[in-house]
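Here is a short report on a predicted model.

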Amino acid sequence: MAKRKHKLVSFLLVLLFAGLAIAALFPLYALLLASIKPASELFRYGLNVRLDFDVMTWANYKAIWAGEGGSEHYFLWYRNSLLITVTFTVLCLFLSSMVGYGLAMYRFKGRNLLFALVLAVMMIPVEIILLPLYRLSIDLMIIDTIWGVILPFVVAPLPIFFFRQFALGLPKDFMDAGRIDGCSEMGIFFRIMVPLLLPAFGAMAILQALFSWNNFLWPVIALRTSDRFTLPIGLTALLSPVGNNYEVLLAGSVLTLLPILILFLLFQRSFIQGLTAGGVKA
Amino acid sequence: MPFIVSFAFFFSYPLAHAVVMSFQQVLPDDVSFIGLDNYRKLWNEDFYKALYNNTRYAFWTIVVLIPVPLCLAVLLNSAVMKARHLFRAALFVPALTSVVVAGIIFRLVFGELDGSIMNSLMGWFGLPSRRWLADSSTGMLALVVLASWRWIGVNLLYFLSALQTIPRELYEAAEIDGAGAWGRFAKITVPMLKPITAYVLTITVYGGYAMFTESYMLWGSRGSPQNIGLTMVGYIYQQGFQYFDLGFGATIGLVLLVITLAVSLIQLRLTGMFGKED
C-alpha cells in the first residue's frame with residue numbers, strides 16, 4: 001500500500017515538473033519557431049506556436065547571412081561580442097584570482113580593510129555610478145571603444161570574493177613547500193595554486209562570460225557607432241527605429257542564444273556553480 | 001610578498017575611481033554648483049512613478065520568486081523524485097537567456113494581436129483579447145512573468161543546495177517524535193533555510209530596484225504609455241542620456257544608493273541575528 005502511494009506521489013511530482021519544464025522552455029521554442037517563419041506571419045497572427053510546415057523557411061537566416069533588413073553589421077556585432085567577452089573574461093579572471101588569492105593567503109596591513117571594501121562594492125549596484133562612469137569614460141577617451149566596455153568592470157568584487165573563499169580552503173603548507181624548493185611567489189601562484197583553483201576558474205569564467213555576453217546597460221551607454229555594437233545592443237537597434245526588422249531580429253536572437261546553450265550542455269556543473277556563486281556566503 | 005602590492009594596485013585603482021565618482025555624484029554638475037536644486041527636483045510625479053513602479057515590481061517578484069522556488073526545491077529534493085538533474089537543468093535554461101532576448105520574446109508573447117500567446121490563452125478561457133502592455137497592471141504582470149521565468153531556476157538552485165546541507169538526523173528525529181510532513185517542512189526546513197532565504201530576498205530586492213533593461217525591452221527607448229514601465233534606473237537613463245541632465249540623473253542614483261544601502265543594512269542585521277542564534 002505504502003509503495004503504491006509512493007509511486008503515485010512520484011508520478012504526480014514528475015508530472016508537475018514536466019509541466020514546469022515545458023513552461024520554462026516554451027518561450028524559447030516559440031522564438032525558434034517564429035524565427036523560421038516569414039515575418040508577415042508574425043504580423044498577422046502575433047507570436048504563436050502553430051506548426052505550419054508550409055510557411056517554414058530559412059529565409060530569415062539567409063537574410064542575416066546576406067546582411068539584409070538592417071543586419072549588415074550583424075556579424076560585426078557577433079565578432080565584437082566575442083572579442084569583448086573573451087578579453088573581459090580572461091582579464092577579469094587573471095586579476096581577480098590574484099587579488100582573491102592574495103587576500104586569502106597573505107597577511108598584510110590593511111587586508112581586512114581591503115576585504116571590507118570588496119564587500120562594500122559588492123553591495124552597490126553599478127546602475128548608480130552610470131553617469132559618473134560615463135563622464136570618466138569620455139575623459140579617458142575610451143568611450144565608444146571595446147576598452148570602454150571592458151575596463152570599468154574588469155575588476156569585479158564577486159569573483160574576488162569567490163576566489164578568496166576558495167583559496168581559504170587550500171593548504172598553506174604547499175606554499176612553504178614551494179618556497180623551500182626555491183619557487184618564487186609568482187611561481188607558487190601559477191604552478192601550485194592555479195591548478196588547485198581550477199574549479200573556481202571554471203565557475204567564474206562562465207559567470208563572467210555570460211555576464212559580458214548578455215550585458216546591456218553599460219554597453220548601450222558606452223557604445224555609439226553601429227559597427228561597434230555588441231549583440232544585445234544590435235538586437236535592440238533592430239527593434240526600435242521603424243520596427244519592421246522582425247525577420248532578422250528573431251533569427252538573430254536565436255543565433256545569440258546558440259553558443260550559450262551549447263556551452264551549457266557541455267559544462268552544466270560549472271554553469272550552475274558560477275551562477276549561484278553569490279550564495280556561498282549564506 | 002612583493003607582488004601583493006600589485007594586487008592592491010589593480011584593485012584599489014578602480015576602487016579609487018569609484019570613490020572619486022561617488023564624489024562627482026554629489027556635485028550636481030561640474031560646470032556650476034547649484035546646491036540642493038537637484039534634490040528639490042526630485043519632488044515630481046515621474047520620480048514617484050518610478051519609485052512606485054520599482055517598489056511594486058520588487059514586491060511582486062518577492063511574492064513569486066521566494067515561496068515558489070522554495071517549495072519546488074523541497075519537492076525536487078524529495079526521495080521519490082525522479083530525473084532530478086534533467087528538470088533542474090530545464091528550469092535553469094531561461095537564466096541563460098539575456099534580458100534582451102527574453103524581452104524580445106515576452107514583448108511578442110504579450111503582444112496585442114489576437115494570435116499572440118497570451119491572447120490565445122485568453123481565448124481558450126473565452127476571454128477577450130487585451131492590449132497587455134498598454135495598461136499599468138497587465139504591464140506589471142508582463143514584467144513579473146518575465147522576471148519569474150528567468151529567475152525561478154536560479155533561486156531553485158540556491159534553495160536546493162541549502163537543502164542538501166540540512167542534516168538528515170533532524171528529520172529522522174522529528175519523524176520519531178511523530179511530526180508529519182507539513183510539520184517537518186514548517187519546523188525544520190523553513191527555519192533551516194533562513195540564511196539562504198535572506199540572501200535570495202536581498203538579491204531580489206536589489207534586482208527589483210535596479211531593474212531597467214526589462215522595461216526598456218518591453219516598451220522601447222522612448223518610454224511607456226503614462227510611464228507605466230518607468231523605473232529608477234530608466235529615469236536616470238532618461239534624464240542623463242536623453243535630456244543630458246547628468247547632475248539630476250546622478251541625484252536619482254544617490255536615492256537609489258540610499259535604498260540599496262538600507263536593504264544591505266537590514267540584511268546584515270538579519271544575518272547577524274542568525275549568527276547569535278547559532
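Chain A of this predicted model is built from 15 helices and 0 strands. Its radius of gyration is 24 Å, whereas a compact globule of 282 residues would have one near 19 Å. The C-alpha trace spans about 75 × 75 × 35 Å along its principal axes. Buried residues account for 43% of the 282 residues in chain A. Among contacts in chain A between residues at least 6 apart in sequence, 75% link residues at least 24 apart.

**Helices of chain A**

| Helix | Residues | Detail |
|---|---|---|
| α6(A) | 130-139 | 7 of 10 residues buried |
| α11(A) | 198-214 | axis 7 Å from that of α15(A) |
| α15(A) | 268-275 | angle of about 75° with α11(A) |

How do α11(A) and α15(A) pack? Their axes lie 7 Å apart, at an angle of about 75°. Angles of 65 to 115 degrees count as roughly perpendicular, so α11(A) is roughly perpendicular to α15(A). On the α11(A) side, the contact uses A:G202, A:A203, A:M204, A:I206 and A:L207. On the α15(A) side, A:S270, A:F271, A:Q273, A:G274 and A:L275 meet them. By class, this contact holds 6 nonpolar, 4 polar and no charged residues.

Helix α6(A) is mostly covered. Its buried residues are A:L130, A:L131, A:P132, A:L133, A:Y134, A:L136 and A:S137. Just after α6(A), A:M141 has a positive phi of about 60°.

**The nonpolar core**

The largest nonpolar core has 142 residues. Which residues have the most contacts inside it? They are B:F159 and B:M232. Helix α8 of chain B (residues 136-163) supplies the largest share of this core, 15 residues. Beyond its neighbours within four places in sequence, B:F159 is in contact with B:P69, B:L70, B:A73, B:L193 and B:I196.

**The interface**

How many residues of chain B are in contact with chain A? The count is 73, and they touch 66 residues of chain A. Helix α1 of chain B (residues 4-26) gives the most to the chain B side, with 12 residues. That side of chain B divides into 52 nonpolar, 20 polar and 1 charged.

Conventions
Residues are numbered from 1 along each chain as its sequence is written. Chains are lettered from A and ligands numbered from 1 in the order in which they are written. This is a predicted model: local features need pLDDT of at least 70, side-chain atom pairs count only at pLDDT 80 or more; totals for chains, interfaces and linings use all residues. Two residues are in contact if their C-beta atoms, placed from the backbone, lie within 7 Å. Helices (H or I, at least four residues) and strands (E, at least two) are DSSP runs, numbered from the N terminus. Ala, Val, Leu, Ile, Met, Phe, Trp, Tyr, Cys and Pro count as nonpolar, Asp, Glu, Lys and Arg as charged, and the others, Gly among them, as polar. A nonpolar core is a set of buried Ala, Val, Leu, Ile, Met, Phe, Trp, Tyr and Cys residues joined through C-beta atoms within 7 Å. A residue is buried if 20 or more other C-beta atoms lie within 10 Å of its own, exposed if 12 or fewer, and partly exposed in between; C-beta atoms are placed from the backbone. The radius of gyration is taken over C-alpha atoms; the globule rule is 2.2 Å times the number of residues to the power 0.38. Axes are lines fitted to C-alpha atoms, for helices over the stretch in contact, and angles run from 0 to 180 degrees between N-to-C directions. Angles under 35 degrees count as roughly parallel, over 145 as roughly antiparallel, 65 to 115 as roughly perpendicular and the rest as oblique.
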